[in-house]
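Hi everyone, thanks for making time. Let me put the structure up, and then I'll walk you through a few spots in it.

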Amino acid sequence: GILGTADFISPEQITHSSAVDIRSDLYSLGCTLYFLLAGRMVFDEGTAAQKLVWHQFREPTGLSAFRDDVPAGLDDVVTRLMAKKPEDRYQ
């Protein structure tokens with residue numbers, strides 16, 4: 001089954017919930033930082049089912065679209081935390 005909240009769930013939790021590791025938590029941390037910095041969820045609209053699909057396939061809108069005072073380096077960190085593939089996140 002799926003363990004997690006549609007707004008913070010990693011792609012691998014949706015498709016392979018029994019094989020997740022710490023990198024899944026990193027994805028969720030990225031979603032949390034995104035929310036704190038942007039003032040909105042990564043995918044703010046849509047149903048829970050749509051959000052599950054979007055976390056797997058849709059790239060989020062960059063933080064600079066909501067705030068012009070977020071340093072580029074911090075934007076890069078959040079983007080990497082939310083990489084779709086676990087191996088592309090911090091290890």
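So, this one is a predicted model, and the chain averages a pLDDT of 93, with 96% of the residues scoring at least 70. In case that's new to you, pLDDT is the predictor's confidence in each residue, from 0 to 100. Quick housekeeping: residues are numbered from 1 along each chain as its sequence is written, and side-chain values use heavy atoms, with hydrogens and water left out. Because the model is predicted, local features need pLDDT of at least 70 and side-chain atom pairs count only at pLDDT 80 or more, while totals for chains, interfaces and linings use all residues.

Helices here are DSSP runs of H or I, at least four residues, numbered from the N terminus.

Okay, helix H4, residues 72-81. Which residues are buried there? That would be Asp 75, Val 78 and Leu 81. Buried means under 20% relative accessible area, exposed over 50%, and partly exposed in between, with a 1.4 Å probe and protein chains only. Looking down the axis of H4, the buried ones fall within an arc of 125 degrees, so they line one face of the helix; that arc is taken from the directions from the helix axis to the C-beta atoms. Turned away from that side you find Ala 72 and Asp 76, both exposed. And H2 is part of what covers the buried residues of H4, going by contact, meaning heavy atoms within 4.5 Å.

Speaking of H2, Leu 29 lies in it and is partly exposed at 40% relative accessibility. Leu 29 and Leu 81 are 52 residues apart in sequence, yet 7.2 Å apart in space, C-alpha to C-alpha.

Now the largest nonpolar core: it has twelve residues, among them Tyr 27, Trp 54, Leu 63 and Val 78. Such a core is a set of buried Ala, Val, Leu, Ile, Met, Phe, Trp, Tyr and Cys residues joined through side-chain atoms within 4.5 Å. H2 gives the most to it, five residues. Leu 63 touches Tyr 34, Val 70 and Asp 75, to name some of its partners.

Last stop, His 55, in helix H3, residues 48-57. Buried or exposed? At 1% relative accessibility, it's buried. A polar atom of the His 55 side chain lies 3.0 Å from the backbone oxygen of Ala 6, and the side chain also reaches the backbone oxygen of Asp 7 at 3.5 Å.

How values were computed:
Helix = DSSP H or I, 4+ residues; strand = E, 2+ residues; numbered from the N terminus. Polar contact = N/O pair within 3.5 Å; in protein donor to acceptor, adjacent residues only side chain to side chain. Lists of a residue's contacts leave out its neighbours within four places in sequence.
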